[in-house]
Amino acid sequence: MKKIKNWFNKLKWEDEFHDEDNKVTIPLSKNLDENIKNLEILFKDCGDFVKRKFPIGINKELNMFIGYIDLMIDRRVIEESLLEQLILQVRSVSPSMDKIKSSIYEFIRDGGIATADVKEVETLDEAVLAVLSGDTILLIDGYAKVIVIGTKGWPNRGIQNPDSEVVVRGPKEAFSEALRMNTVLIRRRIRDTKLKVKQLRIGNRSRTDIALMYIEDIVRKDILEEVEKRLNNFKIDGILDSGNIEQLIEDNWKSPFPQIQGTQRPDKASSAILEGRIAIIVDNSPFVLLIPTTINSFFKSSEDYYQRWSIMSFTRFIRYIAAIFSAAIPGFYIALTDYHPSMIPTPLTMAIAASREAVPFPSVVEVVLMELAFELLREAGIRLPGPIGNTIGIVGGIIIGQAAVEAKIVSPIVVIIVSVTAISSFAIPDDSLTVGFRLIKYLIIAFSAVLGLYGFLLGGLVVLIHLVSLKSFGIPYMFPYVSSVINNYYDLKDSIFRLPIFMINKRPIFARPNEKIRLKIKNKKGE
Amino acid sequence: MFSQNNKISMRQLEILLFLDLFSTAVLILPRRAAEFANQDGWIIVILSTFLALFYSWIITYLASRFPKDTFVEFSSKILSKPVGIILSLFLFIKICFNTAMELRIFGELVKQILLPRTPIEVIMISMLFVSAYLVRQGYEARGRLGEILFFVIFIPIISILLFVLPVTDFRNLKPILTTPLSKLLKGSYDLGFTFSYIEFLLMVAPLVKNPKGLKKSAFKVIGMVGFINVILVIVTLGVFGSIETKEQIWPVIGLMQVIEIPGAFLERQDALMMIFWITSVFSLISAGLYFVSFIITRIMEVEEHKFLVFPMIPIIYLIALIPDNIAETLDSINIMKNYFRISFLFPIPLILIIVAKIRKLGETIEKK
Amino acid sequence: MRKNKILVFIIIFILCMLTGCWDSMSIDRRAFIVAVGIDKFIFNELEDEPSLNKQINRYEMTFAIPNLQKVVGEQGLSDEPRFVKTSVGPTFINTYKNLEGRINKNAYFGHTKAILLGKELLKDKTLLKETLDILQRNNQFSRSIPVVSVDGTAKEALMANADMQPLIGIYISELFENNEGVNTRFEQRTLGDLLKDFKEDKGAIIPKLSIGEKDIKIAGAALVKDYELKGWLDEYEVRGMLWIKKNNQRLEVSIPYKHFYIAYHVSNSKSKITFYKEEEDIVCRVLVEAEGRLEEYILDENILDNKEIEKVEDAIEKSIKEEIENSIHILQKQYNTDVINIGKELERQDPKQWELVKDNWDEVFEKMKFDINVSINIRRIGQIK
């Protein structure tokens with residue numbers, strides 16, 4: 001037994017340079033060669049690590065070392081601002097090297113580098129991390145300090161159009177993968193020093209940069225603390241997308257409903273921040289998390305505020321209806337046809353019964369079959385590249401819409417039911433919420449299949465109970481439809497209906513209680 | 001942060017109370033009222049509402065004297081611990097029984113109207129489990145659900161009334177006031193028990209964020225429920241006439257069958273209108289289940305009530321299965337009513353108040 | 001522990017799923033009975049099987065089931081647009097169970113559009129009472145199903161070949177739905193109305209259905225008192241009665257006038273019943289007010305003249321008054337049935353008086369004097385003078 005254990009222990013990576021959080025433990029030394037040796041050990045077999053040791057001074061007596069990761073840096077900065085300065089200019093400073101030799105470090109730091117983004121770090125760990133983040137390190141012989149020069153500049157795809165959350169009217173920019181670019185997109189919209197960008201690093205190995213963006217005097221302090229607490233609550237090796245973070249900090253992992261909103265749109269994120277919410281931006285992810293979230297936030301599209309209130313109120317209402325439809329229609333159909341046909345108008349009953357006459361399956365099987373076929377189509381359509389994806393739609397439409405009906409595998413009414421469900425589910429603006437409703441649909445089908453309309457209702461109650469018991473960072477998920485009294489029923493103005501913009505003059509629940517007013521109109525119309 | 005899981009706002013309490021009171025009354029009320037006073041039934045309902053206001057005045061007076069305690073604690077404080085616990089157990093049994101009977105009636109009706117071949121056990125058990133799911137989420141979830149269910153229950157009732165109005169024949173209410181006064185009083189005493197769920201107020205004080213306005217809220221809710229009840233009885237009597245209202249076991253369901261919504265997608269609305277009724281019974285049963293487990297928690301002095309919810313299910317379920325048929329169910333409810341119902345509405349709270357006053361216990365907030 | 005709990009719950013749920021679906025019945029497995037005809041079973045030696053000749057058989061019920069594929073307009077296996085099935089039995093349920101052995105689908109009454117009661121059934125007090133009881137007790141029957149009486153047997157009526165809509169049940173319900181407002185030779189009585197009538201007034205009228213060559217006709221009514229058929233009212237007698245019973249009538253009155261006929265169309269009518277005493281006797285005063293337009297007159301005679309209009313109005317009033325009096329007379333003397341709710345009206349207006357007479361109301365009603373007043377207005381006369 002012990003042997004096996006030992007054997008296993010031997011298999012473990014023996015690493016005296018890192019602690020258990022994967023931080024470099026080697027101290028910086030004053031001796032450059034030792035530091036270089038350590039760095040070489042750390043970057044062993046890292047082919048992308050570019051390093052160069054070079055002497056400066058007329059007599060080439062002072063050795064320096066720079067290192068960076070290839071292509072993660074902006075070569076122009078290194079060449080023009082650093083190497084040129086150091087290698088050419090410093091040499092030509094003055095012959096009295098000895099004078100400045102004692103203050104060579106300060107001299108180089110303050111005068112030798114022609115860029116503003118210069119930092120000083122005192123541990124090897126930070127230096128290594130800086131290299132891995134795309135900065136360049138500069139080591140000088142005789143000093144146990146590292147100068148970090150901000151040279152980040154890796155290839156990225158720039159700012160593109162959002163591929164989800166498309167709007168007719170409004171900005172067409174989308175977040176991209178680079179964290180800094182994303183913060184810029186928000187900063188450009190809110191030019192306030194109180195807009196804070198609090199940076200964290202999460203992931204023992206990935207060391208992903210994460211930024212919390214919020215407006216200092218609007219955000220609720222307790223929520224901010226809770227978010228930070230939860231972010232520090234776990235250790236993970238890598239964060240590859242904001243989705244990882246979302247699942248780690250959400251309130252209830254059992255729920256099919258998303259409790260944190262992700263968005264691709266900077267304008268949406270900015271408006272959320274202005275409402276007092278916190279945006280979590282994760283490097284390498286084009287999706288920004290907005291915290292806290294209520295179910296109502298998922299039904300808002302940023303366009304809602306750019307278009308006039310009457311049409312948007314109507315659209316909101318339609319979206320809510322669509323959400324209910326997408327979860328309830330198949331179950332309701334089963335409950336009605338299998339249990340209570342007396343509720344369907346007589347001509348329709350006869351039409352349904354006649355069309356089902358030759359169908360071999362019970363209607364539950366029929367509906368589930370079609371729903372699954374639709375899910376398959378949807379999944380296949382997403383995975384396939386663009387042009388082929390379209391053909392899937394056509395094939396699916398023909399096979400399911402027509403052939404299956406003609407072959408009497410399903411009845412035409414079920415095709416209608418499934419398509420209405422599908423269309424409804426696409427009308428929900430947020431995709432992650434759609435997923436919730438898609439899953440709930442099957443629960444309701446099951447309940448309806450066993451207990452008819454009564455089961456349908458029980459299923460609905462179960463979903464409702466679940467929804468009302470959910471919370472997102474302390475705020476009831478169903479807010480403002482429940483507990484609206486906390487904010488004096490104010491949030492109902494921007495819920496199922498969006499009232500005219502001058503009526504929504506206060507911030508919603510997310511904001512600090514004494515920072516509610518956000519709109520003042522000097523001369524009201526008609527006065 | 002904004003809400004602990006076991007505290008509700010006053011508004012949520014009002015809504016819950018509204019649902020509980022309304023659900024018990026709505027189905028049988030027109031029949032009972034007509035049995036006592038024929039076309040004058042609505043007068044009984046008004047009188048019984050006043051009676052309920054009186055009960056609630058006593059109960060809320062007692063409850064607001066002890067804003068941090070439930071019945072279990074303050075009865076122990078006032079009348080020594082053993083007596084308090086016996087009284088609480090008594091209340092426990094009573095709520096158990098009531099809930100079980102509600103469940104049974106509910107099961108019978110669902111079986112009769114919606115699912116004639118499904119075993120009643122399945123109907124009842126599924127309802128109990130869904131209720132238990134809610135109860136386990138805490139009282140606040142109940143409060144929040146109430147806010148949503150309020151509309152599910154209220155909108156159908158209003159729409160029933162709107163659609164029934166054209167076929168209502170108000171001449172059926174004539175002649176007015178031909179019933180002797182003694183009958184009216186007896187009837188209103190009896191119908192006062194449709195409000196018997198105000199005894200939940202004995203226990204909610206510590207569950208509410210700010211229990212000061214308890215009395216005002218209770219009055220408001222009872223007034224509203226009474227108002228709707230009166231309208232409902234008037235409409236039912238108007239549609240059916242007093243004789244047929246008496247004949248039907250569930251006149252309100254009959255009312256639903258009368259409606260014809262012009263251009264409606266659905267052929268018959270009665271089954272759909274059951275939705276409103278099932279939801280209201282659901283809120284009632286979950287209330288019963290909650291308070292049953294809550295009393296036990298308080299008696300046993302346990303912190304968490306979640307674990308005591310599931311053990312309550314078989315108890316209520318087995319009680320519900322005792323009667324053989326609907327007639328026996330209604331009978332046993334009547335027995336219960338005759339001997340027990342009044343106790344927690346009037347005598348016991350009154351005794352408690354008197355003793356508390358003598359022993360000078362509790363807060364005296366009435367002083368200005 | 002926790003996992004076990006979830007497991008148990010899932011198992012219970014799956015068990016429910018597997019053994020469950022007690023009430024589930026695919027819509028195509030149901031036979032939608034659009035009309036039910038109920039007759040008293042009378043053994044016919046020439047036609048019926050001898051085995052049916054048992055005392056025990058009391059009902060003969062006829063069920064009309066649509067051939068769905070034909071109804072929807074598809075090619076079906078059978079060319080019949082509807083199937084009419086008859087079965088006999090001692091009780092309603094037994095009869096219906098007998099039917100279940102003879103059709104390949106599950107009989108379903110949720111879409112029943114009409115209930116037809118045969119003449120013989122209406123004459124049998126017990127059977128009618130039983131029938132009304134089951135129709136109310138069984139919640140499959142909606143209270144809004146129209147009920148008609150058949151002068152003949154319900155079976156014949158359901159077998160009738162109506163060419164516009166072979167499904168008699170739908171035919172009847174559509175007829176009521178579309179023509180009730182404009183035709184007052186019948187009054188639609190739904191199951192709910194009827195049950196209420198019987199319970200409260202002891203008497204009821206049920207619209208009468210007569211079978212034609214290629215259609216059916218609904219006009220007139222059967223008058224039932226104490227669950228027993230008293231007789232038939234023809235369409236004019238029904239109309240005379242409805243003047244009192246119903247407000248907002250839309251109907252036409254055609255009367256001879258001078259040497260030709262005129263037609264008057266009522267667009268709005270109102271009736272009011274009051275009581276006064278005349279030497280210890282209660283007199284019922286009925287005031288009928290109506291307004292409408294003159295629809296038919298004659299060419300070359302000028303009607304655009306107030307005096308002429310008044311004359312016409314007088315003639316029409318007289319005719320209506322006669323019609324009402326005739327109906328009341330028949331109700332009083334011939335059938336002695338208060339289906340126009342005079343008693344109830346008396347109770348509402350004068351409860352004390354009602355207490356005195358309610359025990360022998362039939363006699364009081366028979367002898368009651370009626371004071372009929374009709375006042376009509378001609379508001380419009382059409383496009384020519």
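In strand 10 of chain A, Val288(A) is the bridge partner of Thr263(A). Strand 10 of chain A also pairs with strand 9 (residues 278–282) of chain A, antiparallel, over three bridges. This is a predicted model: local features need pLDDT of at least 70, side-chain atom pairs count only at pLDDT 80 or more, and totals for chains, interfaces and linings use all residues. Residues are numbered from 1 along each chain as its sequence is written, while chains are lettered from A and ligands numbered from 1 in the order in which they are written.

**Terms**

- Helices (H or I, at least four residues) and strands (E, at least two) are DSSP runs, numbered from the N terminus.
- Two strands pair if DSSP finds at least two bridges between them.
- A residue is buried if 20 or more other C-beta atoms lie within 10 Å of its own, exposed if 12 or fewer, and partly exposed in between; C-beta atoms are placed from the backbone.

**Around strand 10 of chain A**

- Strand 8 (residues 261–263) of chain A runs antiparallel to strand 10 of chain A, and three bridges join them.
- Strands 9 and 10 of chain A make a hairpin with five residues between them. In the turn, Asn284(A) has a positive phi of about 70°.
- Val288(A) and Leu290(A) point one way from strand 10 of chain A; Leu289(A) and Ile291(A) point the other way. All four are buried.

**The five-stranded sheet of chain A**

- Five strands form an open sheet in the order 1-2-4-5-3, with antiparallel pairing.
- Strand 1 and strand 3 (118–121) of chain A stand at the edges, each with a single partner strand, so one side of each has no neighbour in the sheet.
- Direction ignored, neighbouring strands of this sheet are turned by 25° against each other on average. Axes are lines fitted to C-alpha atoms, for helices over the stretch in contact, and angles run from 0 to 180 degrees between N-to-C directions.
- Strand 3 of chain A runs antiparallel to strand 5 (residues 146–149) of chain A, joined by four bridges. Lys119(A) stands opposite Val148(A) in strand 5 of chain A.
- Helix 2 of chain A packs on the sheet, touching strand 1, strand 2 (62–69) and strand 4 (136–140) of chain A. Its direction makes about 20° with that of strand 2 of chain A. Contact requires C-beta atoms, placed from the backbone, within 7 Å.
- Helix 5 (residues 104–112) of chain A also packs on the sheet, touching strands 2, 3, 4 and 5 of chain A. Its direction makes about 155° with that of strand 4 of chain A.

**Cis peptide bonds in chain A**

- Most residues other than glycine have a negative phi, and most peptide bonds are trans.
- The bond from Ile291(A) to Pro292(A) is cis, with omega near -10°. Pro292(A) lies in the loop between strand 10 (288–291) and helix 11 (295–298) of chain A.
- Phe479(A) and Pro480(A) are joined by a cis peptide bond with omega of about 0°. Pro480(A) sits in the segment after strand 12 (475–476) of chain A.

**Positive phi in loops**

- Asp45(A) has phi near 65°. Asp45(A) lies in the loop between helix 2 (32–42) and strand 1 (49–56) of chain A. Asp45(A) counts as exposed because 5 C-beta neighbours lie inside 10 Å.
- Asn336(C) has a positive phi of about 50°. Asn336(C) lies between helix 10 (306–335) and helix 11 (342–349) of chain C.

Note on methods. Two residues are in contact if their C-beta atoms, placed from the backbone, lie within 7 Å.
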